[in-house]
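Trainee: Could you walk me through the aromatic side chains here, and what sits around them? I'd like a close look at that part alone.

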Amino acid sequence: MNIGRLNLSSEAKHLLWHLRTKGPTARTELSLAMDVSNSTVTKLSHELLNLGLVEELVSPEAPRRGRPTIPLTISPDGGYTVGATIHKGVLEIALVDFAGGLISMTTETIGAPGPVEFAQLLDKRIIDLSVQHRLLGKRFLGVGIGIPGPALARDGKRWHVVTDLPGWRDVPLRQILDDTLGLRVMLENDANAAALAEYYRGGPVRQSSTVIVILLGYGVGAGVMEDGRLLRGGLGSAGEIGILYKSDLPRPTTLDLLALLREAGCEIDSVADFDEQTRAYEDVIERWLDRAAEQLEAALNSAIAWFDPAEIMLSGSLPFSLLTRLSSKLNNDRLIRGDHRSACVVRVSDLGRSSIALGAALLPIHALTHTLSVNQF
């Protein structure tokens, strides 16, 4: 495994960020967009071409006479990363190339491993995936982990992880994972990771300056993207809307729904095969959806008032069809609108539970190329 250690200038990061967010761009257009000289762009592009981080997008229809304008684009072969997270009963691992393309997404049934056991298993899976996809000789940029819980400080060393993962809470988590894996590890709250995945996939989310992603998983959280940057807050736990709901009372979470189903006689303890296991319990699910919509209403209306989001996405480990039903209830005249703006519409992510692992895999790439990526966990 070729561990990548890249130290790029702010101008090189700016160029990469432009290509990543705007797409293939000619050097002359880059010069105008970055407000630098043509010679500076030429120097930067030469440096990044040599590093294998960008490539020239040569069209087969390029004119034969004269000097054609050849756009630069992010090279998928610039490196690769791995992202991982644990849902209730499921380990998910994403393998991503430097352009943000998904190489593979794997899932497997798992219990509740401690951080060392988790890291040991992840280390084995990284080696297996690297061999399987012939990546051992390519640049490896790091590992991202989506954590179910908020950081206890901005340095991201310790986390208030859910109690369903014993041994993870308030321990030097990043050091444990670093030491066990022997690799560069970046940690991020799972809702923030999901928001990052939504942003990187482009479309309306990337075109909007402010986006909020609501994640229903172990708990309930929100990730806020502002101009391509994750909003973390003063203590590193911005978007931790779970504190609005007392932990000893019903909450709009996946775990809460699973508990209700078990109380009703459904033998379910994992999000795996959810639809098949819950077919006889539609009445329980419908009651939970009504209550979850009512609970989320106040949180979403507060977010609309504070952040004026252009997009609100609903994501989580529950099936797409179930989240779609929840979004329909929220969009049924529950969300406020002001005289100055139209009502926000809650859309459902089609990434499903994969958004966390995918966003976690994008963490090393985001930190490497975003010019404002400071205080990154």
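Which ring does the charged end of Arg20 sit over, and how many Å is it from the centre?

Mentor: Happy to! One note before we start: this is a predicted model, where local features need pLDDT of at least 70, side-chain atom pairs count only at pLDDT 80 or more, and totals for chains, interfaces and linings use all residues. Residues are numbered from 1 along each chain as its sequence is written, and side-chain values use heavy atoms, with hydrogens and water left out.

Now to your question. The ring belongs to Phe98, and the charged end of Arg20 sits over it at 4.9 Å from the centre. To sit over a ring, NZ of Lys or CZ of Arg must be within 6 Å of the ring centre and within 35 degrees of the ring normal.

Next, rings with rings. The whole structure holds five aromatic pairs. Rings of Phe, Tyr and Trp (its six-membered ring) pair if their centres lie within 6.5 Å; planes under 30 degrees apart are stacked, over 60 edge-to-face, and the rest tilted. Trp17 and Tyr199 are a stacked pair, because their planes meet at 5° with the ring centres 6.2 Å apart. This pair links distant parts of the chain, 182 residues apart: Trp17 belongs to helix α1 (residues 10-22) and Tyr199 to helix α6 (residues 190-200). Helices (H or I, at least four residues) and strands (E, at least two) are DSSP runs, numbered from the N terminus. Ring pairs also bring in Tyr200, giving a cluster of Trp17, Tyr199 and Tyr200.

The cut-off for buried is under 20% relative accessible area, with exposed over 50% and partly exposed in between (1.4 Å probe, protein chains only).

For another geometry, look at Tyr80 and Phe140: their planes lie at 65° and their ring centres 5.0 Å apart, so this pair is edge-to-face. Because Tyr80 lies in strand β4 (residues 80-87) and Phe140 in strand β7 (residues 139-147), the pair ties together parts 60 residues apart in sequence. Tyr80 is buried, with a relative accessible area of 1%, and Phe140 is buried at 2%.
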